[in-house]
Structure formats: structure tokens, C-alpha cells
Amino acid sequence: ENVFDPEDQVDIKISEITIEIKDSFAWLTCVQEMVYIKREPVMFNLSQSTNLFEKGDNGWLMLFHHASPIPVSEYIIEEQNIQ
């Protein structure tokens, strides 16, 4: 719900990407860094994400998405990340 809030602005970056493909199925794991810029105070979320895809006649379709928060004790937002 927070990600799709039209009043908010979210900067999303992904890292540590791994992709595995087997026949018509693929799974991708990554670390998602989300910074909610228009909140006071600015909020930060770090999570491990897993996405499953199936290739069909119309291309790759996402079947499943799951993200689990990664505990962060302290994080400093770099000025260049804020737009």
C-alpha cells in the first residue's frame, strides 16, 4: 500500500541480483533499497526480494513476488539519492 501511495515519492534501487532460468521458468532474487522521499522524516526500507516468472506466448509474466525486511541498525541517506 505504501509503495503505491500517489502522494509519496519512492526511490527504488536493486542490488545483489541473481537470475536462474530453467526452461520456461525463471526466478530472480535481489536486495531492494526503498527510500520514501516525501515523508517526514524520510523513511528507508531494505528487503530481500524473490520473484518467480513464467515465459508464455506474450513474454515473461510475474507469478509471485515476496519481499522480507532486512534489519538495519543505522542508515544514512546520501544527498544524491534524494530528488
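Q: What makes K13, I14, N45, L46, S47, S49, H65 and A67 count as residues that Q32 touches?
A: Contact means heavy atoms within 4.5 Å. In this predicted model, Q32 touches K13, I14, N45, L46, S47, S49, H65 and A67, with residues up to four places away in sequence left out.

Q: Why is Q32 called buried?
A: Buried means under 20% relative accessible area. Q32 has 13%, so Q32 counts as buried. Q32 lies in strand 2.

Q: What makes the pair Q32 and S49 a polar contact?
A: The cut-off for a pair of N or O atoms is 3.5 Å. The side chains of Q32 and S49 are joined at 3.4 Å, so the distance falls within that cut-off.

Q: Why is strand 2 described as largely enclosed by the rest of the structure?
A: Nine of its twelve residues are buried, so strand 2 is largely enclosed.

Q: How do you know which elements make up the chain?
A: Helices and strands are taken as DSSP runs. There are zero helices and four strands in the chain. The elements run β-β-β-β from the N terminus on.

Q: What makes D11 and K13 a salt bridge?
A: A salt bridge needs a side-chain nitrogen of Lys or Arg within 4 Å of a carboxyl oxygen of Asp or Glu. The side chains of D11 and K13 meet at 3.6 Å, N to O, so the pair meets the cut-off. Side chains of opposite charge can pair when their charged atoms come close. A search of the whole structure finds one salt bridge.

Q: Why do D11 and K13 fall into separate classes of accessibility?
A: Buried means under 20% relative accessible area, exposed over 50%, and partly exposed in between. D11 has 15%, so D11 counts as buried. K13 has 34%, so K13 counts as partly exposed.

Q: Why is F64 called partly exposed?
A: The class lies between 20% and 50% relative accessible area. F64 has 40%, so F64 is partly exposed. F64 is found in strand 4. Leaving aside neighbours within four places in sequence, F64 is in contact with T50, N51 and L52. The C-alpha atoms of F64 and E54, ten residues apart along the chain, are separated by 9.8 Å.

Q: What makes E16 and D23 exposed?
A: Exposed means over 50% relative accessible area. E16 has 64%, so E16 is exposed. D23 has 69%, so D23 is exposed. E16 lies in strand 1, and D23 is in the loop between strand 1 and strand 2.

Q: What is noted about the phi of E16 and of D23?
A: E16 is not a glycine, although its phi is positive at about 50°. D23 is also a residue other than glycine, and its phi is positive, near 55°. D23 stands in the turn of the hairpin that strand 1 and strand 2 form, with two residues between them.

Note on methods
Residues numbered from 1 in each chain as written. Predicted model: local features only at pLDDT ≥ 70, side-chain atom pairs only at ≥ 80, totals over all residues. Heavy atoms only, no water. Buried < 20%, exposed > 50% of the residue type's maximum accessible area, 1.4 Å probe, protein only. Polar contact = N/O pair within 3.5 Å; in protein donor to acceptor, adjacent residues only side chain to side chain. Pairing = 2+ DSSP bridges.
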